[in-house]
Protein chains: 2
Amino acid sequence: MEPVLGGGVVELEPVRGRELQLESTQKSHRLLAYSDALLSIIATVMILPVAHTKIHPDQKLGESVQQLLLAKIAVYLMTFLIVTVAWAAHVRLFQVIELIDDVLALLNLACMMIITFLPYTFSLMASFPEVPFGIFLFSVCAIVIGLIQAVIVVYGFYHPHLLNQQIQVSENQNFYKHHILKIILRGPFLCFLAAIFSFFFIPLSYVLLGLVIIFPHLTRFITWCKIKIVGQKDEDEEHLSLETFTFYLSEPLSKERVEAFSDGVYAIVATLLILDICEDNVPDPKEVEEKFHGSLLKALSEYGPNYLAYFGSFVTIGLLWFVHHSLFLYIAKATRLMGLLNILSLAFIGGLPLAYQLTSEFAEKSHNEIEAIQVSCVITFFASIFQFAIWTTALLHEGETLHPFARYGGKEHAFMFAKLALYPCVSLGAFFLTCLLSEFSTTIFHLMQIVIPFTFLALRIFVRIALTVIKSVTSLSRQKVVLLQEEEACLSAGETLS
Amino acid sequence: MEPVLGGGVVELEPVRGRELQLESTQKSHRLLAYSDALLSIIATVMILPVAHTKIHPDQKLGESVQQLLLAKIAVYLMTFLIVTVAWAAHVRLFQVIELIDDVLALLNLACMMIITFLPYTFSLMASFPEVPFGIFLFSVCAIVIGLIQAVIVVYGFYHPHLLNQQIQVSENQNFYKHHILKIILRGPFLCFLAAIFSFFFIPLSYVLLGLVIIFPHLTRFITWCKIKIVGQKDEDEEHLSLETFTFYLSEPLSKERVEAFSDGVYAIVATLLILDICEDNVPDPKEVEEKFHGSLLKALSEYGPNYLAYFGSFVTIGLLWFVHHSLFLYIAKATRLMGLLNILSLAFIGGLPLAYQLTSEFAEKSHNEIEAIQVSCVITFFASIFQFAIWTTALLHEGETLHPFARYGGKEHAFMFAKLALYPCVSLGAFFLTCLLSEFSTTIFHLMQIVIPFTFLALRIFVRIALTVIKSVTSLSRQKVVLLQEEEACLSAGETLS
């Protein structure tokens, strides 16, 4: 990971003029890691206002505070969606531009600053759906982000030694430049229209902004339909199109950046709860004196469920990270589809602290507690099932996407399968058990939390036992088949004899 | 960055039994990056309760809320200190253990969980300084962390293929094992004593806990004194001692991990303020209706200073990250002393959002505003001067620690110097200007924030101009010297002639 300052390129082309340009170029990995950290924090941190919505224990979940909670969840989901879209665009951009210099680093920081401001515009939109200012502000931010990215592209093509090798050696650099600029500037153009329409007819603005996200897939779909109907491909364009600006689901995605972004999300989600605990669960010295006769231990025992919620949420997120980590060790190449599934999984991960906080807040009330536990189970289930889907997707093209030992029939295949299947199975099981045995729901939930880490520790042994059992059963049944066939053969032989 | 699953080791020693063990080993870089993210978030997130302490604008800063604020700042500083100590121990541990498997990954996650719980024990200590429970809980956590680390070491030495090459090929493995275990278990032992004494005499507990941090440096100091007095070295021990468990200030530190930890701190600090803005600065729909006659824009203009505080803080942190990034591109090898200076710089970085929030809260009151601005300047100054100190330390052993082009006299040396000197100079200048021209303090502060990013963009040009000027001046003065010498020579020649 040592930064090689463009030295390799100098050696290839020892032209004096270029060398002067190159003295300030750097590998971009740390800039990208920092951007990933910023974006992952922004994407998940908006779950905190949702969690801070106070619900009184005597209120039934989902009555009076429903609207407020819904608005906040909408802000969280919109932020998550937009930030991940921005992240994907950022990944694509820096797959074209591979080296950076100081100007690009500063432009990138400016871009990050505007992106981190987006959650505030969503908060305004959610609180004042009738007022055009929120959506106007968002559109302006999106336009600025798009323009900065366009400047980055123009700057990159003006200093071609920064570009990736494929484009650098290509003769169609100008075509690529216009192709990429066209794709990048489409966003700001639609946002510009949205900003104008926000003063006349707000719903149209929302439609236009939605279009920004689905536009690439829409054009791809239209081209696909055209090919199906007309039955002809535009060979020329197909020939020239870039591997990284195609919007195909099989388009390669930087695996390193998927990992960095996911790590950021897992890390911030794992630590969100400790902040609440430190702020809310330190008892007031006066109260301890009056209510608990100065006994701190008694006062703290009031907060028992909160500690359990913290450790429960940390353990679950930690283990889901562990599964994710194991999974991506086995993946050799990530595709856009895997990235999409990963982001869906992360969106549910972001909801986990909220779910666990619910379990701690309704410690006594039986009905709400079951609901909270079931919500936790459902969120865990979806977070883990999308991880499983990444694995399934990888298996479909296992020759390209997986390392040999993880492919079907490989040594590690069964073990990986068990790791990925554990959380979906357990959370689904816990969900149905709480439906059936509603009295013991808390016990079941806590038991599940305690058992799972130990299961992971001993999983390799379990898998080996299971494989041996399966092998012996299949060999037994094969023996039986052989015996039956022999018997049949004997019988038929007897028949022919008789 | 592609994970190579211990394959290299297999090729070296193709023993069948070892290969079976190796199938599950992995490179540890992602586990370490995740740990770095968790630790950096925990280290800095405790600044939030400090920032959330509400101070009324009519109160003078530092009167009634002083004690509460001090307690919270103490919690922040203690957390930061302890987490960075834990991080340094973690770095040292995983410089010995280079490959991981599932068991080590899970043990490491357990260790992380306990570390993230530490801030809560500090909150208890700060709120109840008289009650032993806080310090007892902290000691117990520290003991558990130490024991888990000891288990990791024992597990690592039991599976020697996980260890680093130096130890793997060594004949004194047992000596190393005991040496490392002795150092790691010293902490839990002292904490155990602290836990016991917490019930009798709390100050002694604090002393014991403080000892955990300075103990390694203390023993090093005593050895040093012994050598100075007796004048003899224990050659045998010196010969066997490890490069990574020496506690020398020149001990090498993983540069990659210093970068990852710093990135985490910069990222979380840069985004902390947006959370507050989203929660506190979205006006209440009812209030807008009543107070501002439904005009959202008017209501929002009330919050103007907060937006400025957000952008100001983001820009400052972003640019300090940029300087840090440039600095570490030039550093070839990081030492423990650089790590220490880096951590001091980061501790001040953590205080920046607080300072900026102060500037937004006292928008109108003149006296408090100057104080807030001066606090911001001081924090920025210390954050940037410690970065400068890293550079100075690197220059002391530039042959080992710096890449050739950044050394004294190298092409990039002057440019790096300018980059590092900009923030200390500007913040110091702003500080003294606000003292002299207290009426224009806000203008000066905002002007500084706007000018700095553009200065960075054009810094290379400024440096080149400055260098040309200096060169021409020195060559002029050299010419003068030459002329003077010639004149002198003429005069003396004339004298000898006359």
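Biologist: Before we start, contact here means heavy atoms within 4.5 Å. Which residues does B:Gln387 touch, not counting residues up to four places away in sequence?

Modeller: This is a predicted model, where local features need pLDDT of at least 70, side-chain atom pairs count only at pLDDT 80 or more, and totals for chains, interfaces and linings use all residues. Side-chain values use heavy atoms, with hydrogens and water left out. B:Gln387 is buried at a relative accessible area of 2% (buried is under 20%, exposed over 50%, partly exposed in between, with a 1.4 Å probe and protein chains only). Its contacts, leaving out residues up to four places away, are B:Tyr266, B:Leu320, B:Val323, B:His324, B:Leu327, B:Ser345 and B:Leu420.

Biologist: How many disulfides turn up over all chains?

Modeller: A disulfide needs a pair of cysteine sulfur atoms within 2.5 Å. For B:Cys425, the closest cysteine sulfur, in B:Cys377, is 13 Å off, so that's too far for a bond. Searching the whole structure over all chains, the count is zero.

Biologist: Which residue of chain A is B:Phe456 in contact with?

Modeller: Setting aside neighbours within four places in sequence, the contacts of B:Phe456 include B:Leu319, B:Phe322 and B:Tyr423. From chain A, the contact is A:Leu106.

Conventions
Residues numbered from 1 in each chain as written. Chains lettered and ligands numbered in written order.
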